[in-house]
Amino acid sequence: MNPAPALHEKPVHENPAPAKTGYTRAVLALGSNLGARNETLSEAVADLVDRPEVRLLAVSPIVQTKAVGGPAGQPDFLNMVISVETSLEPLDLLRHCQSVENKHHRVREVHWGPRTLDVDVVIYGDLKSDDPVLTLPHPFAAVRAFVLFPWAQMDPSATLNGQPVGELAARAADFPDLQPFDGFGDFDGVPDGGAVEQP
């Protein structure tokens, strides 16, 4: 029979290795203009935070917007942003976002064309990167009201490149085309009472 440890001795099993705590806050932008857009966005948020390395912090309201760039005549988009904290490295986070896009049958046949789901990394902490695979902050975020406006609704104190995102949203060319979206029936960019007209 082994004697009990002395009071000043600590059994080795009481000091496990500390868990990794290196989490970085990131903002992700989601958009959809094909199929059941609202349902796709809801499922995509769940898919994005399904991994233990990605924790959901906040979710923005959804807005309906005209397509910016790409072929004419596209259905309207639903757009939103989420804030997460992640232990994934930036490129791994991008790959995770792309895997969620693929799960929702994203195809990349036409640049800025219609899509079931688009997920972009807008910011990753304070990281600045000119890497063409993942430029940070996202190169178009500062001029896209469909990213900036829901982001400002989610986090009124947020800034991008040192400027309040709400002010950037108000100056963006697509700002007048934004409409709130109440989440009711919707398919292929044709809401069934889901777009709330501005007064």
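In which sense do strand 1 and strand 4 (residues 77–86) pair, and over how many bridges?

Author: The model is a predicted one, in which local features need pLDDT of at least 70 and side-chain atom pairs count only at pLDDT 80 or more, while totals for chains, interfaces and linings use all residues. Residues are numbered from 1 along each chain as its sequence is written, and side-chain values use heavy atoms, with hydrogens and water left out.

Strand 1 and strand 4 are antiparallel partners, joined over 9 bridges. Strands here are DSSP runs of E with at least two residues, helices are runs of H or I with at least four, and both are numbered from the N terminus. Two strands are said to pair if DSSP finds at least two bridges between them. Within this pairing, L30 has M80 of strand 4 as its bridge partner.

Strand 1 also has strand 5 (residues 118–124) as a partner: the two run antiparallel and are joined by 6 bridges.

Buried means under 20% relative accessible area, exposed means over 50%, and partly exposed lies in between, with a 1.4 Å probe and protein chains only. R25 has 33% relative accessibility and therefore counts as partly exposed.

The side-chain contacts come next. The structure holds 6 salt bridges, each defined as a side-chain nitrogen of Lys or Arg within 4 Å of a carboxyl oxygen of Asp or Glu. One of them joins R25 to D155, at 3.4 Å from N to O. This pair connects distant parts of the chain, 130 residues apart, since R25 belongs to strand 1 and D155 to the loop between helix 3 (145–154) and strand 6 (159–160).

Strand 4, the partner of strand 1 over 9 bridges, takes part in another salt bridge: the side chains of R55 and E85 meet at 3.1 Å, N to O. This pair too links distant parts of the chain, with R55 in strand 2 (residues 54–59) and E85 in strand 4, 30 residues apart. R55 counts as partly exposed because its relative accessibility is 39%, and E85 counts as partly exposed because its value is 23%.
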